[in-house]
Amino acid sequence: MEFRQLKYFVGVVEAGSFTKAAAMLNVAQSALSLHVRQLEEGFGTQLLIRDRSGVTVTPSGAKLLERARIVLNEIRITKAEMNSTAATGEVTIGIPSGAARVVSGPLLEAVGKELPSVTLKMVEGMTGPLEEWMAAGRFNLAILYRTADAIAGLPILAKEDFCLVAPPNRPPFSDVVALSDLHAFPLAVPMRNNNVRRSVADVVAQHGCRLDVRFEVDSLSTIISMVIEGKAYSILTPSAVHREAQQGLVRMVRIVDPVITRSVVLAVNPKDENAPAVAAVRKLIPGIVRTLIESGQWPAKLPTEGSSVRV
């Protein structure tokens, strides 16, 4: 009997079917069936009853389910204790203002729960300064935005599509706007040294279009306030204004022809790569991002999803 066989068995029972469990556990359905069958052969008894509606546990399966949950929980606790012992110290991470609005809370909560001996210091800012500070070695970790040709092997956490952020009750009144039509909207955007600003400007120039930039502001909160007050539009990703859009304070209009997508990556300071505390926090982040995206709290795509013009 293997640890993963118990994990898969519990997953199938809790999901109610092999199909749902395969999706939740990210394991092929045939592999799940094989592991459960091996468990049944090892115990010499049937554990699950399979029918069209899903699966139910036999009396023997119910006994194993109770014990398996105890074993898995003990393993989880032991693993957390070992990680906590090894991961001790201070970790500083830089996060862009847009991503910080969805990632900061869950990351702080996860570190507090899983790594109680680690002190997480979080620095939020616009992408230009964050890039410079990371290059200067001020952070152990940084969540950064990258164009498709500048990822340089960094792990991609998510992909986000840019949108036109409009005041409520202002045009355009459709759900999409063509890149070539963006010139009609007065914009408040980050300064020119901002990675996001450069990325969008490059694509606009490549397609022979132009933007009407009225204000250059290196403050996300100020830009959002200007849009809410009807003083300007902006070009941002949904993570930056998801909260305001849900409250009806702004509207998000997808930019198309082409869709512009950027990558969100995780960078580590090379000198800190093997530090236990840094490695432990670094390991937590992809799972947090995946959970936020799958639950709809971060309106982005996982790296393997979708295709579009990437910047």
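**Close-up 1. Helices α5 and α9 are oblique to each other in this predicted model.** The two axes, of α5 (residues 97–114) and α9 (residues 238–246), come within 7 Å and cross at roughly 60°. On the α5 side, the contact consists of Gly98, Ala99, Arg101 and Val102. These meet Ser239, Ala240, Val241, Arg243 and Glu244 of α9. By class, the contact of α5 with α9 contains four nonpolar, two polar and three charged residues.

**Close-up 2. Four strands form an open sheet with mixed pairing.** The strand order is β8-β12-β7-β11. At the edges are β8 (176–178) and β11 (234–236), each of which pairs on one side only. From one strand to the next, the twist averages 40°.

**Close-up 3. Strands β7 and β11 run antiparallel, with helix α8 lying across them.** Three bridges join β7 (residues 163–166) to β11. Val165 has Ser234 in β11 as its bridge partner. Helix α8 spans residues 220–228 and runs at about 130° to β11.

**Close-up 4. Trp133 and Phe139 form an edge-to-face aromatic pair.** A search of the whole structure finds two aromatic pairs, and the pair of Trp133 with Phe139 has a centre-to-centre distance of 6.3 Å and an angle of 80° between the planes. Trp133 is partly exposed, with a relative accessible area of 27%. Phe139 is buried, with a relative accessible area of 3%.

**Close-up 5. Phe185 and Tyr233 form a tilted aromatic pair.** The ring centres of Phe185 and Tyr233 are 4.9 Å apart, and the planes are at 50°, so the pair is tilted. Phe185 lies in the loop between β8 and β9 (186–189), whereas Tyr233 lies in the loop between α8 and β11, so the pair ties together parts that are 48 residues apart in sequence. Phe185 is buried, at a relative accessible area of 8%. Tyr233 also counts as buried, at 6% relative accessibility.

**Close-up 6. The loop between β7 and β8 holds Asn169 and Pro172.** Asn169 has a phi near 65°, a positive value in a residue other than glycine. With a relative accessible area of 71%, Asn169 is exposed. A cis peptide bond joins Pro171 and Pro172, and its omega is about 0°.

**Close-up 7. The loop between β12 and β13 holds Asp257 and Pro258.** The peptide bond from Asp257 to Pro258 is cis, with omega near 5°. Asp257 is not a glycine, yet its phi is positive, at about 55°. Asp257 is exposed, with a relative accessible area of 62%.

Conventions
Residues are numbered from 1 along each chain as its sequence is written. This is a predicted model: local features need pLDDT of at least 70, side-chain atom pairs count only at pLDDT 80 or more; totals for chains, interfaces and linings use all residues. Side-chain values use heavy atoms; hydrogens and water are left out. Axes are lines fitted to C-alpha atoms, for helices over the stretch in contact, and angles run from 0 to 180 degrees between N-to-C directions. Helices (H or I, at least four residues) and strands (E, at least two) are DSSP runs, numbered from the N terminus. Angles under 35 degrees count as roughly parallel, over 145 as roughly antiparallel, 65 to 115 as roughly perpendicular and the rest as oblique. Contact means heavy atoms within 4.5 Å. Ala, Val, Leu, Ile, Met, Phe, Trp, Tyr, Cys and Pro count as nonpolar, Asp, Glu, Lys and Arg as charged, and the others, Gly among them, as polar. Two strands pair if DSSP finds at least two bridges between them. Rings of Phe, Tyr and Trp (its six-membered ring) pair if their centres lie within 6.5 Å; planes under 30 degrees apart count as stacked, over 60 as edge-to-face and the rest as tilted. Buried means under 20% relative accessible area, exposed over 50%, partly exposed in between (1.4 Å probe, protein chains only).
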